[in-house]
Amino acid sequence: MCVLPWRIQLALTWLLLLCFMPWCSSRPDPRQQETLMKMEVKRAIGGGVVLNKKEKLLDEKLYQMKWQEMEAADFPPAMHFFKAKSLIDASPVYSFLQMMPKGAALHVHDFSMVDVEWLVKNVTYRENCYMCFTDGGFVRFVFSSVKPKAAPYCSTWALLKTIREKRNTTELDNSFIRNMTLVTEDPDSDYPNQDVIWIRFEEEAFKVAYGLVTYAPVFKEYLYEGFRQLYVDNIMYVEIRALLPLTYELDGRKNSRDWSMRACREVLQHFMAQYPDFLGARIIFTVHRSLNSTQASEVVEEAMTLQRNFPDIMAGFDFVGREESGNPLWYFKEALGLPEERGVHLPYFFHAGETDSEGTAVDQNMMDALLFNTSQIGHGFVIVRHPVVKERAREMDVAVEVCPISNQVLKLVSDLRNHPAAVLMAEGYPMVISSDDPALFGVTGLSYDFYQAFMGFGGMKSNLATLKELVLNSLRYSSLSPTLKEKAIAALQVKWDKFVSETLL
């Protein structure tokens, strides 16, 4: 995949303009307009990608599909995703993106990467599955060989098999699915502000699946299914933000985080043996940013141990959770400085800038992420408001992991045409497209997020070259070693060429 350095092209073009074109004129030469337009195209993501003959033909085909959808009365990126999803499902552009090799998913969370219907229709039908209802009316699950002890703020545990014998199974399953996602017919009314949606996200929907996924046998099967669903969406590699929970056995015994990492390695090896063109997965160990400084030091110590014991699948460390309600990165400065003190290389992959609270301590997280030498910036929604941070991040070649649907659902932006990433795309800033918590939004994989970015961020200017560079970026900015990146990009090129040829038929 040939991507020319845009800075060199831009400098040469400006030089030609200054040398040969008169600027101070009431009647500018039409060539000036054409030259400026070409400069903007070259600077944007994809501007340095040289398409071959087949790709150019496919780009023309894609342009026609895109134009028709841009002209439609209902434009999905301008609507809330829960209302737009059915329109996207019927979109030829979306079908195109589903078939397109998408490289890597670099920002997806462990407990929200698998379609919740799989959990409900598969996992909850197993033996020894108990459930209870919280005071707020949300369900909790646990597997146990005996009736579990009463849980705080929850009704008496009941064997789910027994409940199903007395109730309409379809209605019950649908209620579980609603519990596990944020999907609703009227998102604007149901989630009037960020506080409401984040409570629903972190305190309710997220916890519904917890008791299912942390059951040790399910944990392994869940990972395998997660890889499978990504693979089906033409994703070759994934980096998972993982809490690495202490999984449990049927008798209540708890397993260690080492057990979880060994399970990840085992499942990945099994999956890659069956799907040899899947290039692998790595784990970014995460903890919630509500921890105090002492707890943070303990988990960073544990992260260093995991990095030493599992260097092949452990990518690094991150804090997760809502930035407004958690501690800022600078609060954890002592803990985050421990690896350097010990001479240990522990890469960081910080969530930062997933906020619209400009001028607060939260708004400082992106700058602090760079000071702590983050490998990537998760979300970076407010980076365009911080020119120094943006310039420094570009110099450090730190990519922003943009998650369009997540940012919209969590109420940072309503119309995705106004997403700050549109500016990043126009400037050619290094960025990748990812999905964050797709299962909570009622989807899986990356295709929906690619659709929203391709249609919403770039308008008619974004094209096949844009997509090609975004796909390439996903591998270029991964945590893979240089040798494995080279191998991955070569494998992607083969898949890409095959996709282009087959789609032209």
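**Reading a predicted model, feature by feature**

Colleague: Now helix packing. How should I read a pair such as H12 and H13: what are the angle and the axis distance?

Modeller: The general idea is that two packed helices are described by the angle between their axes and the distance between the axes. Here, helix H12 (residues 216-232) packs against helix H13 (residues 257-274) at about 40 degrees, and their axes are 10 Å apart. That angle makes H12 oblique to H13. Their crossing is right-handed.

Colleague: How many nonpolar, polar and charged residues does the contact of H12 with H13 have?

Modeller: By class there are 12 nonpolar, 3 polar and 3 charged residues in that contact. On the H12 side, the residues include Phe 219, Leu 223, Phe 227 and Tyr 231. Among those they meet in H13 are Trp 259, Ala 263, Val 267 and Phe 271.

Colleague: On to sheets. What is the strand order in the open sheet of 3 strands?

Modeller: In general, strands of a sheet pair through backbone hydrogen bonds, either parallel or antiparallel. In this open sheet the order is S3-S2-S4, and the pairing is antiparallel. Strands S3 (139-143) and S4 (158-159) are the edges, each pairing on one side only. Strand S2 (residues 129-133) is joined to S4 by 2 bridges, and Tyr 130 stands opposite Leu 159 in S4.

Colleague: And strand S8: which residues lie on each of its faces?

Modeller: In a regular strand the side chains alternate between the two faces of the sheet. For S8, Tyr 348, Phe 350 and Ala 352 lie on one side, with Phe 349 and His 351 on the other, and all are buried.

Colleague: I like to check backbone torsions. Where is Asn 128, in the loop between which elements?

Modeller: Asn 128 sits in the loop between helix H6 (116-121) and S2. Its phi is near 70 degrees, a positive value in a residue other than glycine. Asp 436 is another such case, with phi near 65 degrees; its loop runs between strand S11 (431-433) and helix H21 (447-456).

Colleague: Is Asp 436 buried or exposed?

Modeller: Asp 436 is buried, at a relative accessible area of 2%, whereas Asn 128 is partly exposed at 27%.

Colleague: One last item: how far apart are the C-alpha atoms of Val 423 and Phe 457?

Modeller: Those C-alpha atoms are separated by 8.0 Å, while the two residues are 34 residues apart along the chain. Val 423 lies in helix H20 (residues 421-427) and is partly exposed, with a relative accessible area of 36%.

Definitions and conventions
Residues numbered from 1 in each chain as written. Predicted model: local features only at pLDDT ≥ 70, side-chain atom pairs only at ≥ 80, totals over all residues. Heavy atoms only, no water. Pairing = 2+ DSSP bridges. Helix = DSSP H or I, 4+ residues; strand = E, 2+ residues; numbered from the N terminus. Axes fitted to C-alpha atoms, helices over the stretch in contact; angles between N-to-C directions. Parallel < 35°, antiparallel > 145°, perpendicular 65-115°, else oblique. Left-handed = near helix turned anticlockwise from the far one by under 90°. Contact = heavy atoms within 4.5 Å. Nonpolar A, V, L, I, M, F, W, Y, C, P; charged D, E, K, R; others polar. Buried < 20%, exposed > 50% of the residue type's maximum accessible area, 1.4 Å probe, protein only.
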